[in-house]
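Subject: Structure handover

Hello,

Here are the sequence and structure for your files. My notes on what turned up follow below.

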Amino acid sequence: MASLIETWVNDKLHDILGISDKFISQFLLGLAKKATDHDDFVNKIRETGTVDIDTNMLNFAHELWNKVNI
């Protein structure tokens, strides 16, 4: 069963990108946990080359990093 945070990530990804996938959510959660701060997390997402970093993605990344690291 998915955790509440994983469900939240799935919902946000669906809103932002139009997709929701368990493995993408787990991957992003792992990146967020390993990142040293918001900017590091955004850079890690950018390095994947899989999504454009727009305002919606920046807001999502900051919120997710806060949820797993604060």
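Contact here means heavy atoms within 4.5 Å. Ser25 sits in helix H2, and with a relative accessible area of 0% Ser25 is buried. The cut-offs are under 20% relative accessible area for buried, over 50% for exposed and in between for partly exposed, with a 1.4 Å probe and protein chains only. Helices are DSSP runs (H or I, at least four residues), as strands are (E, at least two), and both are numbered from the N terminus.

Before the rest, two notes on the source. This is a predicted model, in which local features need pLDDT of at least 70 and side-chain atom pairs count only at pLDDT 80 or more, while totals for chains, interfaces and linings use all residues. Residues are numbered from 1 along each chain as its sequence is written, and side-chain values use heavy atoms, with hydrogens and water left out.

Apart from neighbours within four places in sequence, the contacts of Asn10 are Ile19, Ser20, Asp21, Lys22 and Ser25.

Both residues belong to the place where H1 meets H2: Ile5, Glu6, Val9, Asn10 and Leu13 on the H1 side, and Lys22, Ile24, Ser25, Gln26, Leu28 and Leu29 on the H2 side. By type, the residues of this contact are six nonpolar, three polar and two charged. For this count Ala, Val, Leu, Ile, Met, Phe, Trp, Tyr, Cys and Pro are nonpolar, Asp, Glu, Lys and Arg are charged, and the others, Gly among them, are polar.

The axes of H1 and H2 come within 9 Å and cross at roughly 110°, which makes H1 roughly perpendicular to H2. Axes are lines fitted to C-alpha atoms, for helices over the stretch in contact, and angles run from 0 to 180 degrees between N-to-C directions. Angles under 35 degrees count as roughly parallel, over 145 as roughly antiparallel, 65 to 115 as roughly perpendicular, and the rest as oblique.

With H4, the axis of H2 comes within 9 Å and crosses at roughly 70°, so the two helices are roughly perpendicular to each other. This crossing is right-handed as well. Leu28, Leu29, Ala32 and Lys33 of H2 make the contact with Phe60, Leu64, Trp65, Val68 and Asn69 of H4. These residues divide into seven nonpolar, one polar and one charged.

The core

Which residues touch the most other members of the largest nonpolar core? They are Val9, Leu28, Phe41, Ile45, Phe60 and Leu64, out of 16 residues in that core. H1 (4-17), H2 (22-34), H3 (38-48) and H4 (55-69) each supply at least two residues of this core, and H4 gives the most, with five. A nonpolar core is a set of buried Ala, Val, Leu, Ile, Met, Phe, Trp, Tyr and Cys residues joined through side-chain atoms within 4.5 Å.

Phe41 is found in helix H3 and counts as buried at 0% relative accessibility. Setting aside residues up to four places away in sequence, Phe41 touches Leu28, Leu31, Ala32, Ala35, Ala61, Leu64 and Trp65. Phe41 and Leu28 are 13 residues apart along the chain, and their C-alpha atoms are separated by 9.0 Å.

One further residue in helix H4 is Asn59, which is partly exposed at a relative accessible area of 46%. Asn59 and Val42 are 17 residues apart in sequence and 10.0 Å apart in space, C-alpha to C-alpha.

Regards

Notes:
Left-handed = near helix turned anticlockwise from the far one by under 90°.
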